[in-house]
Amino acid sequence: MENVTTLTPLKQPIVFELEGFHVPLGQGSLLFFLALLNYMVVLLGNGVVVGVIIFDKALHRPMFVMVGNLAVCDLLGGTAVLIRLMIYFLTGQKRISYVSAIAQAFSVHTYGAAVQTILAAMSYDRYLAVCEPLRYNAVMTSARLVFSCVLAWLVALLCIGVLFALNVGTPLCGTTIKHVYCSNRSILRLACGPTPINNIYGLCMTWSLSTGTFLIIAFSYIRILHACIKQGRSDNSIRTKAFQTCASHLVVYLLYEIAMFNIIMSYRFPSVSQNIKKFFSILLIIVPPAINPVIYGLLTKDLRTSIIKQFTTRVTHKQSQRSIDRNRLNRLVKKASIVLGGAVNPVEVVGERRMVAKLSHLMPDTLAMFT
């Protein structure tokens with residue numbers, strides 16, 4: 001009689017264990033610092049881009065609104081992976097609850113899908129701006145801009161939502177996730193039996209989304225290239241405008257494609273160490289979110305000018321306000337000295353705050369009159 005191995009499904013609460021990187025002894029602090037530095041760059045860069053676009057009304061245009069959506073998407077992906085990675089490097093904690101694992105996997109997949117849909121929407125907007133400049137404002141109205149952004153997020157959320165809805169109720173018989181972060185595929189590998197429906201939907205959804213967005217982007221840039229060749233013969237300024245309009249978007253898209261290519265190629269060579277494979281697998285999530293704000297800041301003149309303007313204006317305002325407060329305080333001291341008959345000697349008081357405190361103590365009513 002043959003022995004039959006029976007797998008017993010796990011019961012909630014399930015706690016997974018991430019395999020993570022193999023960290024040499026004593027190197028955890030250095031890796032934590034590098035991950036923290038990367039996360040600070042992601043937060044600062046994308047936060048500045050989003051903030052400037054929100055507060056500068058001159059940037060309330062379709063191109064920059066979509067750049068803001070891409071920055072929010074980058075913040076989602078970077079936060080989902082880097083925080084857990086920093087905890088692992090600093091404390092060595094590999095355990096993660098079932099709910100946290102699903103939340104991280106959902107965020108990572110949403111990031112991957114939304115990046116593609118947002119870039120596709122941006123490419124269509126660039127196509128209209130370059131190829132249909134006279135009709136651009138009539139076509140890309142505020143309502144259509146909102147519709148494009150909502151549609152990009154809705155498609156991504158719907159695709160990933162269905163993917164994870166199929167996982168509900170799938171019995172799991174393992175707890176070790178052999179990856180740096182949680183993903184749909186890594187969790188399904190722990191299932192007690194085959195999951196054909198999940199696998200088929202995941203492959204079809206990935207292929208459809210990637211192919212659909214690629215076709216939109218390819219169509220847009222083929223038309224832009226055709227317009228540049230056709231109209232650029234008589235006017236070189238058209239080529240310059242097209243480059244300034246599309247360069248940042250094209251560089252960002254190529255950056256994502258290169259990261260994806262590195263991930264695929266790393267798994268084609270079995271001799272490559274597991275640490276290198278895992279590192280390539282997170283390149284898509286840790287590198288583009290840190291570099292994208294720099295790319296848009298360098299290649300997009302309007303955004304670069306607005307960032308410089310916002311910071312210089314705030315610094316100048318603080319300096320002028322400090323000068324006004326100092327002059328106001330000097331006038332206040334002179335008037336108070338006259339009222340008190342010389343009872344207040346500014347030389348005796350060190351610092352502006354102590355002067356105000358002394359004046360408030362000696363003559364609260366009179367001080368109120370002059371302020």
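Where is the place of Q116? Q116 sits in helix 3, where helices are DSSP runs of H or I with at least four residues, strands are E runs of at least two, and both are numbered from the N terminus. This is a predicted model, in which local features need pLDDT of at least 70 and side-chain atom pairs count only at pLDDT 80 or more, while totals for chains, interfaces and linings use all residues. Residues are numbered from 1 along each chain as its sequence is written, and side-chain values use heavy atoms, with hydrogens and water left out.

**The chain as a whole**

- The secondary structure of the protein chain comes to 13 helices and three strands.
- The protein chain has 371 residues, of which 41% count as buried (buried is under 20% relative accessible area, exposed is over 50%, and partly exposed is in between, with a 1.4 Å probe and protein chains only).
- Among contacts between residues at least 6 apart in sequence, 76% join residues at least 24 apart (a contact means heavy atoms within 4.5 Å).

**Around Q116**

- Q116 is partly exposed, because its relative accessible area is 23%.
- Leaving out residues up to four places away in sequence, Q116 touches L209, S210 and T213.
- Q116 and S210 are 94 residues apart along the chain, yet their C-alpha atoms are separated by 7.2 Å.

**Nonpolar core**

- The largest nonpolar core has 87 residues, and L70, L119 and L303 touch the most other members (such a core is a set of buried Ala, Val, Leu, Ile, Met, Phe, Trp, Tyr and Cys residues joined through side-chain atoms within 4.5 Å).
- Helix 3 (residues 98–131) gives the most to this core, with 17 residues.
- Apart from residues up to four places away in sequence, L119 touches L70, I217, H249, V252, Y253 and Y256.

**Nonpolar surface patch**

- L30, F33, L34, L37 and V41 make a nonpolar surface patch of about 460 Å² (patches are made of residues with over 30% relative accessible area and no salt bridge; like charges are joined within 9 Å, and nonpolar side chains, meaning Val, Leu, Ile, Met, Phe, Trp and Tyr, within 5 Å).
- L37 is found in helix 1 (residues 28–55) and counts as partly exposed because its relative accessibility is 45%.

**Cysteines**

- The whole structure has one disulfide (a pair of cysteine sulfur atoms within 2.5 Å).
- This disulfide joins C173 to C192, with 1.7 Å from S to S.
- C173 lies in the loop between helix 5 (142–165) and strand 3 (176–177), and C192 in the loop between helix 6 (184–188) and helix 7 (196–232), so the pair ties together parts that are 19 residues apart in sequence.
- The link of C173 and C192 is right-handed, with 100 degrees about the S-S bond.
- C173 is partly exposed at 24% relative accessible area, and C192 is partly exposed at 21% relative accessibility.
- C131 counts as buried at 15% relative accessibility, and C149 counts as buried at 12%.

**Salt bridges**

- Two salt bridges are found in the whole structure (a side-chain nitrogen of Lys or Arg within 4 Å of a carboxyl oxygen of Asp or Glu).
- R126 forms a salt bridge with D125, with the closest N and O atoms 2.4 Å apart, and both residues are buried.
- E132 and R135 meet through their side chains in a salt bridge of 3.6 Å, N to O.
- E132 is partly exposed at 23% relative accessible area, and R135 is partly exposed at 46% relative accessibility.

Note on methods. Areas by Shrake-Rupley, 256 points an atom, 1.4 Å probe, with all protein chains shown as cover.
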